[in-house]
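Dear colleague,

I am passing on a structure that you have not worked with before, and below it you will find what came out of a first reading. Please keep the sequence and the model open beside this message as you read.

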Amino acid sequence: MNKISVLFVCLGNICRSPAAEAIFIDLINKNSIAEKFVVDSAGTGSWHVGKLADLRMRDAAKNREIYITSRARQIKISDFEKFNYILTMDNSNFQNVINLKNRETKPGYSKVLKIQEFASKFKEPEVPDPYFGGEKGFDHVLDILEDSVKGFLKSIS
Ligand code: 4NP
C-alpha cells in the first residue's frame with residue numbers, strides 16, 4: 001500500500017508546524033487510519049534544529065490531550081520527493097517553500113499548499129506566528145489548526 005505522506009511547514013518548526021503534525025497524528029489515530037500515512041514537520045529556518053517544540057505550545061496542546069514530541073528540523077530538497085503534500089502555515093512559508101522547490105531542476109513531486117485553505121470556521125488568511133505573542137496566541141493557533149487539519153483530511157479522504 002502506498003502511504004500518503006504529509007509534511008507541515010512553518011518558520012521555526014517549534015510552534016505551528018509541530019502542533020499541526022501532532023493534531024493530524026491524533027486525528028488519524030482516532031480514525032484508526034494512521035497506518036495509511038507518513039507525517040512529519042519542518043521549518044524553513046534552521047535556528048531551532050534539534051529542539052523540542054516551544055514549551056508554551058506543548059503546554060497549550062497538552063491541555064487538549066495533544067502531545068507534541070517532535071524535534072525541529074529544516075526542510076530539505078529531498079522532502080519534495082518524499083512528501084505528497086507540503087502544508088505551509090503562512091504566505092511567507094509558502095513562498096519560501098515554492099522558491100526552494102523551483103530552485104531544483106528536477107520537478108518536485110509534492111503539492112505545496114497553505115493549510116488555511118482547508119479551514120471552515122476561521123477565515124484569517126494565515127496561521128499567525130505565536131512566537132512573540134502571549135499565551136492566548138497559542139490556543140488561537142491550535143483552534144485554527146484543529147479546524148484546518150480536519151478540513152485537509154476530509155479533502156483527501
Ligand atoms: P513557528 O514560530 O514558525 O511557528 O515555529 C516561530 C518560532 C521561532 C521563531 C519565529 C517563529 N524565531 O524567530 O526564532
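The shell around the ligand is made up of 6 nonpolar, 3 polar and 2 charged residues, where Ala, Val, Leu, Ile, Met, Phe, Trp, Tyr, Cys and Pro count as nonpolar, Asp, Glu, Lys and Arg as charged, and the others, Gly among them, as polar. Those surrounding the ligand are Cys10, Leu11, Gly12, Asn13, Ile14, Cys15, Arg16, His48, Asp129, Tyr131 and Phe132, a residue being near a molecule or strand if one of its heavy atoms lies within 4 Å of it.

This is a predicted model, in which local features need pLDDT of at least 70 and side-chain atom pairs count only at pLDDT 80 or more, while totals for chains, interfaces and linings use all residues. Residues are numbered from 1 along each chain as its sequence is written, and side-chain values use heavy atoms, with hydrogens and water left out.

Oxygen atoms of the ligand lie 2.8 Å from a polar side-chain atom of Arg16, 3.3 Å from a polar side-chain atom of Asp129 and 3.2 Å from a backbone N or O atom of Asn13. The ligand taken alone exposes 350 Å², of which the protein buries 91%; these accessible areas come from the Shrake-Rupley method with a 1.4 Å probe.

Turning to the sheet, its 4 strands form an open arrangement in the order S2-S1-S3-S4 with parallel pairing, where strands are DSSP runs (E, at least two residues) numbered from the N terminus and two of them pair if DSSP finds at least two bridges between them. Strand S2 (37-43) and strand S4 (111-114) are the edge strands, each pairing on one side only. Strand S1 (residues 4-10) runs parallel to S2 and is joined to it by 7 bridges, with Ser5 standing opposite Val38 in S2.

Lys111 lies in strand S4, and its C-alpha atom is separated by 9.7 Å from that of Val6, 105 residues apart along the chain.

With regards

Notes
A polar contact is a pair of N or O atoms within 3.5 Å; within protein, one must be able to donate a hydrogen and the other to accept it, and residues adjacent in sequence count only if both atoms are side-chain atoms.
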